[in-house]
Amino acid sequence: MSFATLVVALSLLIPSGPQSPELVVQQGRLAGRSQDGVKSFANIPYAAAPVGPLRWRPPHPAPTWPGLRDATAPGPICIQPPANGDPGVGPLPMSEDCLTLNVWAPEGAERLPVMLWIHGGGYNNGSGTAALYDGSNLARRGVVVVTINYRLGRLGFFDHPALAAERPSGAPAGNYGVMDQIAALEWVRDNIATFGGDPDGVTIFGESAGGAAVLQLMVAPSARGLFHRAVVQSGLGRQRSALLSDDRPGRPSAQSLGQVFARGIGLEDPTADQLRALAPERLLTPQPAFYSDNLIVDGAVVPEDVVEAFAAGRQAEVPLILGTNSAEFWWIRPSDAGAYGRIDDSLTGAERDALVSAYEGQDGYDASIVSDLVFNEPARHLARLHARAGHPTFLYRFDVVAASNPEPSGGATHASERPYVFDNLHTVGRPMGERDQRAATLIADYWTRFAATGDPNGSRRPAWPDFGRQEQLMEFGNDGPVVRPVPHDQRLDLIEAFYRRVQP
């Protein structure tokens, strides 16, 4: 054998490293990566940079670029406070020029289902660039995965009379982060076929604020037809949003909150130009509260609260998975300061006494009432409303707790399902066992099957009943999945009666 022949033979035995696939989207050419059967493209602009005169305006179309754009590394995260260890935040730098998305697709993909992830973080933190949200392992199941950045905090959810004075009457305002999400969906509609995805088979899925975003998109008229299935992970559901300009008891408007902020930094009567000239870091403190500043009913993009739309049957007519974790906000007590700690303040004495009895004492009430008020009862309520409207609905409860979990939570804490959904247990940062991998495999299989068909069932997995036919949920636990009635129905019934009184 000649030396040259030997070199060729040896090269065939050496595993190939990342390759550089190229493709063309509407704005220009991209060079990505290809490894282990998955192509990936990062830092793709889906809208123009919302900077200077474009701050606090609806997203503008993404610019074109000349030549070949490097799409091998993530772009900046959006402006936000420090991550405090949240694995759902990608690497620095951060910038206002952050409206980008990332795509993972199997080699040879053709008209595959698309899954677009909307990250959580209270609409204040997070990014689509975190390793936790790497879409490779989902893509290997036969889907195209998209993750996005969108404007956060006061850059994404904000209004002020000075801004209102300069825009046309009725123009969309306030919910710039939601408008970004819709712009990303429009980009997917126009470009995802190039990656091998099906623009007529898009599933939106998200967790916490991302789950709330999925629900908002389900009631947003301008999002209709841009997605075809939805997954809501711990996405609230009963919250009352701030209105854009109309102050009501218990519901300050976005413009009033904007005035309070401006005065707090010494701008008593600013112009729109003065607000747009502020350094972005000045908009970070004090941090906005998710229950007020960041959830806005603007009358155009988000025309009404989610629960009102679902009750009237005005939500998107798409199959829906939704659910919660077994110990969501286990560390928050009803006596704590902040919006969540005050959530039970409207209970009457009789309602409180009945709930304390249902929780078998004050300790049980203190440990679980916030989670039930914010997550568990709202999920059951929305599942009932969506199923009653005749749409496929699948409710779940996540109760997988790794043996290495250091928290005294008594269950699965808020956001702990994310590495299982993405089958990315290696990002957790502590040992994960075989039962965790079994759970991750199962959940990722259910999610991707749902994205493909609108039904999570198939491939000999345990059958997950449609909530409209059988009011039971799928509980994912350490010993495997179990179909069961919704847990703690007595206390959830009492909470439902409370909400019926305060939210007629």
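In this predicted model, Phe-476 sits in strand E15, which spans residues 472-477. Its relative accessibility is 2%, so Phe-476 counts as buried. Beyond its neighbours up to four places away in sequence, Phe-476 touches a run of residues from Tyr-396 and Arg-397 through Phe-398 and Asp-399 to Val-400. Leu-442, Ile-443, Tyr-446 and Trp-447 also touch Phe-476, as do Trp-464 and Pro-481. Phe-476 and Arg-141 are 335 residues apart along the chain. Their C-alpha atoms are separated by 20 Å.

The largest nonpolar core holds 110 residues. Within this core, Phe-195 and Phe-227 touch the most other members. Helix H11, residues 362-388, gives the most to the core, with ten residues. In soluble globular proteins, nonpolar side chains tend to be buried together.

Phe-195 draws its contacts from several parts of the sequence. Leaving out residues up to four places away, Phe-195 touches Leu-23, Val-25 and Leu-30, together with Phe-41 and Ile-44. Val-103, Ala-105 and Ala-109 touch Phe-195 as well, and so do Val-144 and Trp-187. Thr-129 stands 66 residues from Phe-195 in sequence. In space, the two are 19 Å apart, C-alpha to C-alpha.

Thr-129 belongs to the loop between strand E7 (112-118) and helix H2 (136-139). With 11% relative accessibility, Thr-129 counts as buried. Outside four places in sequence, Thr-129 contacts Pro-74, Gly-75, Ile-77, Gly-90, Pro-91, Asn-102 and Asn-149. Asn-43 lies in strand E4, residues 38-45. Asn-43 is buried, at a relative accessible area of 16%. Its contacts beyond four places in sequence include Pro-74, Gly-75 and Asn-102. Arg-69, Ala-73, Pro-76, Thr-100 and Leu-101 are also in contact with Asn-43.

Helix packing was examined next. Helix H6 covers residues 209-219, and eleven of its eleven residues are buried, so H6 is largely enclosed by the rest of the structure. Buried residues of H6 include Ala-209, Gly-210, Gly-211, Leu-215, Met-218 and Val-219. The axes of H6 and helix H5 (residues 176-191) come within 11 Å and cross at roughly 75°. That makes H5 roughly perpendicular to H6. Val-178, Gln-181, Ile-182 and Leu-185 of H5 form the contact with Ala-213, Gln-216 and Leu-217 of H6. By class, the H5 and H6 contact has five nonpolar residues, two polar and no charged.

Helix H14, residues 489-502, packs with helix H10, residues 349-358, at an angle of about 165°. Their axes are 9 Å apart. H10 and H14 are therefore roughly antiparallel to each other. The crossing in which H10 passes H14 is left-handed. On the H10 side, Glu-351, Ala-354, Leu-355 and Ala-358 make the contact. They meet Gln-490, Arg-491, Leu-494, Ile-495, Phe-498 and Arg-501 of H14. The contact of H10 with H14 divides into six nonpolar, one polar and three charged residues.

H14 also packs with H11. The axes of H11 and H14 come within 9 Å and cross at roughly 80°. The two helices are therefore roughly perpendicular to each other. Residues of H11 in this contact include Ser-368, Ile-369, Leu-373, Asn-376, His-381 and Arg-384. By class, the H11 and H14 contact has six nonpolar, three polar and eight charged residues.

Several loops carry backbone features. The peptide bond from Leu-92 to Pro-93 is cis, with omega near 15°. Pro-93 lies in the loop between strand E5 (68-70) and strand E6 (100-106). Thr-285 and Pro-286 are likewise joined by a cis peptide bond, with omega about -10°. Pro-286 lies in the loop between helix H8 (272-276) and strand E12 (296-297).

Trp-56 is not a glycine, yet its phi is positive, at about 60°. Trp-56 lies in the loop between E4 and E5 and is buried, with a relative accessible area of 2%. His-488 has a positive phi near 60° and is also a residue other than glycine. The loop between strand E16 (480-485) and H14 holds His-488. His-488 is partly exposed, with a relative accessible area of 41%.

Terms used:
Residues are numbered from 1 along each chain as its sequence is written. This is a predicted model: local features need pLDDT of at least 70, side-chain atom pairs count only at pLDDT 80 or more; totals for chains, interfaces and linings use all residues. Side-chain values use heavy atoms; hydrogens and water are left out. A nonpolar core is a set of buried Ala, Val, Leu, Ile, Met, Phe, Trp, Tyr and Cys residues joined through side-chain atoms within 4.5 Å. Buried means under 20% relative accessible area, exposed over 50%, partly exposed in between (1.4 Å probe, protein chains only). Helices (H or I, at least four residues) and strands (E, at least two) are DSSP runs, numbered from the N terminus. Contact means heavy atoms within 4.5 Å. Axes are lines fitted to C-alpha atoms, for helices over the stretch in contact, and angles run from 0 to 180 degrees between N-to-C directions. Angles under 35 degrees count as roughly parallel, over 145 as roughly antiparallel, 65 to 115 as roughly perpendicular and the rest as oblique. A crossing is left-handed if the near helix is turned anticlockwise from the far one by less than a right angle, and right-handed if clockwise. Ala, Val, Leu, Ile, Met, Phe, Trp, Tyr, Cys and Pro count as nonpolar, Asp, Glu, Lys and Arg as charged, and the others, Gly among them, as polar.
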